[in-house]
Amino acid sequence: MVSPSPSLNNYTWIKSPGLIFCMAFFLLLYLSSCGDDDLKKTAKLAKKISLDTNRTIGVEIIYSDSAKVKAKGFARVLDKITPATGAAFSEMPKGVKIEFLDENQQITGTITSDYAIAKETEKLTIFRRNVVVVNQSLTFNTEELIWDENKRMFFSPKGIVTKPDGSFADAVNFSAPQDFSYYKAGSGFGETYIEEKFGE
């Protein structure tokens with residue numbers, strides 16, 4: 001029977017003078033092998049990917065139209081990201097919940113997802129991972145849902161629509177207005193319930 005060898009923790013490796021010497025040697029060797037062109041390319045690449053990130057914890061987002069609040073969003077974490085080049089965007093890595101409101105500020109439906117990204121220039125919000133839309137007429141489950149603010153429409157490549165009676169349909173190329181009052185989609189398969197006396 002072979003007894004397991006004791007594992008070295010990070011502290012032991014960091015304190016090892018031999019390892020530090022080897023790391024310094026290989027770093028020096030790598031830098032000396034880089035030509036001027038390689039170093040310039042590295043500098044350009046670093047400049048392109050540099051980001052300025054501002055993080056806010058516990059955020060409420062309000063969407064209004066014609067001075068009326070139409071929806072409220074809640075995110076545990078909101079990262080406002082400004083790349084060195086390109087358009088700024090907001091990321092919600094811990095998920096988001098959107099509540100749709102009627103004229104009396106009553107909740108008419110919700111969207112929840114594990115992740116979301118809002119592209120400000122394109123006016124697109126993309127919900128990803130475990131996306132669930134719920135309102136009085138349907139429940140829609142998908143892995144990606146896109147809100148196009150310019151078109152005031154939601155789009156999804158595919159998902160499952162479930163009706164209050166329990167019937168469901170596999171929805172392909174799903175689209176709906178921002179209040180989800182109706183939807184359009186192609187369907188591969190589904191299951192529905194009808195009354196026993198239907199057609200008599």
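## Salt bridges

The side chains of Lys-97 and Glu-99 form a salt bridge, with an N to O distance of 3.9 Å. This is a predicted model. Lys-97 is partly exposed, because its relative accessible area of 35% falls between the 20% and 50% cut-offs. Glu-99 is buried, because its relative accessible area of 15% is under 20%.

The count of salt bridges comes to four. Another one joins the side chains of Glu-120 and Lys-80, at 2.5 Å from N to O. That pair links distant parts of the chain: Glu-120 sits in the loop between β6 and β7, and Lys-80 in strand β2, 40 residues apart. Glu-120 is partly exposed, at 37% relative accessibility. Lys-80 is also partly exposed, with a relative accessible area of 32%.

Glu-144 and Arg-128 meet through their side chains as well, in a salt bridge of 3.0 Å, N to O. Here too the pair links distant parts of the chain, with Glu-144 in strand β8 (residues 139–148) and Arg-128 in strand β7, 16 residues apart. Glu-144 has a relative accessible area of 24% and is partly exposed. Arg-128 counts as partly exposed at 31%. Side chains of opposite charge can pair when their charged atoms come close.

## Gly-73 in strand β2

Strand β2 holds Gly-73. Is Gly-73 buried or exposed? Gly-73 is buried, because its relative accessibility is 2%, under the 20% cut-off.

Gly-73 and Lys-97 are 24 residues apart in sequence, yet their C-alpha atoms are 5.6 Å apart in space. Leaving aside residues up to four places away in sequence, Gly-73 touches Val-59, Glu-60, Ile-61, Lys-97 and Ile-98.

## The largest pocket

Rolling a probe the size of a water molecule over the atoms shows where empty space is left. The largest pocket contains about 890 Å³ of space. Its lining has 39 residues. Nearest the centre of the pocket lie Tyr-63, Ala-71, Ile-98, Phe-100 and Trp-147. One of these, Ile-98, is also a contact of Gly-73.

Which strand gives the most to the lining of the largest pocket? Strand β2 does, with seven residues. At least two lining residues come from each of β1 (51–65), β2 (68–83), β3 (89–92), β4 (96–101), β5 (107–113), β6 (115–119) and β7 (124–135). By residue class, the lining divides into 19 nonpolar, 10 polar and 10 charged residues.

Arg-129 is not a glycine, yet its phi is positive, near 70°. Arg-129 lies in strand β7, the strand that also holds Arg-128. Arg-129 is partly exposed, because its relative accessibility is 41%, between the 20% and 50% cut-offs.

Phe-180 is another residue other than glycine with a positive phi, of about 55°. Where is Phe-180 placed? Phe-180 falls in the loop between β10 (168–177) and β11 (184–191). Phe-180 is buried, because its relative accessibility is 3%, under the 20% cut-off.

Definitions and conventions. Residues are numbered from 1 along each chain as its sequence is written. This is a predicted model: local features need pLDDT of at least 70, side-chain atom pairs count only at pLDDT 80 or more; totals for chains, interfaces and linings use all residues. Side-chain values use heavy atoms; hydrogens and water are left out. On a 1 Å grid over the protein atoms alone, a cavity is a set of points where a 1.4 Å probe fits but cannot get out, and a pocket is an open set with protein on both sides within 12 Å along at least five of seven lines; lining residues have an atom within 4 Å of a point. Grid points are joined across faces, edges and corners, and a volume is the space filled by probe spheres set on the points. Helices (H or I, at least four residues) and strands (E, at least two) are DSSP runs, numbered from the N terminus. Ala, Val, Leu, Ile, Met, Phe, Trp, Tyr, Cys and Pro count as nonpolar, Asp, Glu, Lys and Arg as charged, and the others, Gly among them, as polar. Buried means under 20% relative accessible area, exposed over 50%, partly exposed in between (1.4 Å probe, protein chains only). Contact means heavy atoms within 4.5 Å.
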